[in-house]
Amino acid sequence: MSTKSHATLRYSAMRASLFLACFLVALVLARAGVLPVTAGASGVFLLLIIAGVVSAPISYVVLSKQRDAVSQQITTGLDARKAGKQSLRGRVAAQNAAEDALDDAVRAER
């Protein structure tokens, strides 16, 4: 199997892993008292925000190759769909022309 066919899955998994790693680091820092985070749901929410803010620029830099692969995969898929639509339009036009010719032939016999 080609590695390009799973580019989106790979990129998403790496983004989620990076976010989870940042969240775990923030959680450890909060437990150690380095980050002043309160206990409870609001503290967890704050840790999630911190993990998101930290992981976004890291993933922008670290995952650029994977992001380019996803972009290439999407572009290739869109180009294939456009080519398929054009060939479908051509086939429909040919079928319509054949049907019109048959209809004209039947009307000419009358």
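Begin by selecting Ser59, which counts as buried because its relative accessibility is 2%, where buried means under 20% relative accessible area, exposed over 50% and partly exposed in between, with a 1.4 Å probe and protein chains only. The model is predicted, so local features need pLDDT of at least 70 and side-chain atom pairs count only at pLDDT 80 or more, while totals for chains, interfaces and linings use all residues. Residues are numbered from 1 along each chain as its sequence is written, and side-chain values use heavy atoms, with hydrogens and water left out.

Ser59 has its place in helix α2, helices being DSSP runs of H or I with at least four residues, numbered from the N terminus. If you leave out residues up to four places away in sequence, Ser59 touches Arg15, Leu18, Ser64 and Arg67, a contact being heavy atoms within 4.5 Å.

Next, select Ser55, which also lies in helix α2 and is buried, with a relative accessible area of 5%. Beyond its neighbours within four places in sequence, Ser55 is in contact with Leu18, Phe19 and Cys22.

**Across to α1**

Move to Cys22, whose contacts, again leaving aside neighbours within four places in sequence, are Ala51, Val54, Ser55 and Ile58. Cys22 is one of the buried residues of α1, together with Ala7, Tyr11, Phe23, Ala26 and Ala30.

Now display the whole of helix α1, residues 7-32: its 26 residues should span 38 Å at 1.5 Å a residue, and the end C-alpha atoms are 37 Å apart, which agrees; the expected span is 1.5 Å times one less than the number of residues. Just after α1, Gly33 takes a positive phi of about 90 degrees.

**The cores**

Which residues make up the largest nonpolar core? Select Cys22, Phe23, Ala26, Ala30, Leu47 and Ala51, six residues in all; a nonpolar core is a set of buried Ala, Val, Leu, Ile, Met, Phe, Trp, Tyr and Cys residues joined through side-chain atoms within 4.5 Å. Helices α1 and α2 each supply at least two residues of this core, and α1 gives the most, with four residues. Apart from it lies another core, of five residues, including Ala7, Tyr11, Ala69 and Val70.

Select Val44, Phe45, Leu46, Leu48, Ile49 and Val53, which form a nonpolar patch on the surface with about 520 Å² of accessible area together. Such patches are made of residues with over 30% relative accessible area and no salt bridge, nonpolar side chains (Val, Leu, Ile, Met, Phe, Trp, Tyr) being joined within 5 Å and like charges within 9 Å, and the areas come from the Shrake-Rupley method with a 1.4 Å probe, only the protein chains shown counting as cover for residues.

The C-alpha atoms of Ile49 and Phe23, 26 residues apart along the chain, are separated by 8.9 Å.

**Last stop: α3**

Finally, select Arg107 and Asp103, which form a salt bridge with their closest N and O atoms 3.3 Å apart; the rule asks for a side-chain nitrogen of Lys or Arg within 4 Å of a carboxyl oxygen of Asp or Glu, and by this rule the count comes to one salt bridge. Both residues lie in helix α3 (residues 64-109), four residues apart, about one turn of the helix. Arg107 is exposed, with a relative accessible area of 58%, whereas Asp103 is partly exposed, at 33%.
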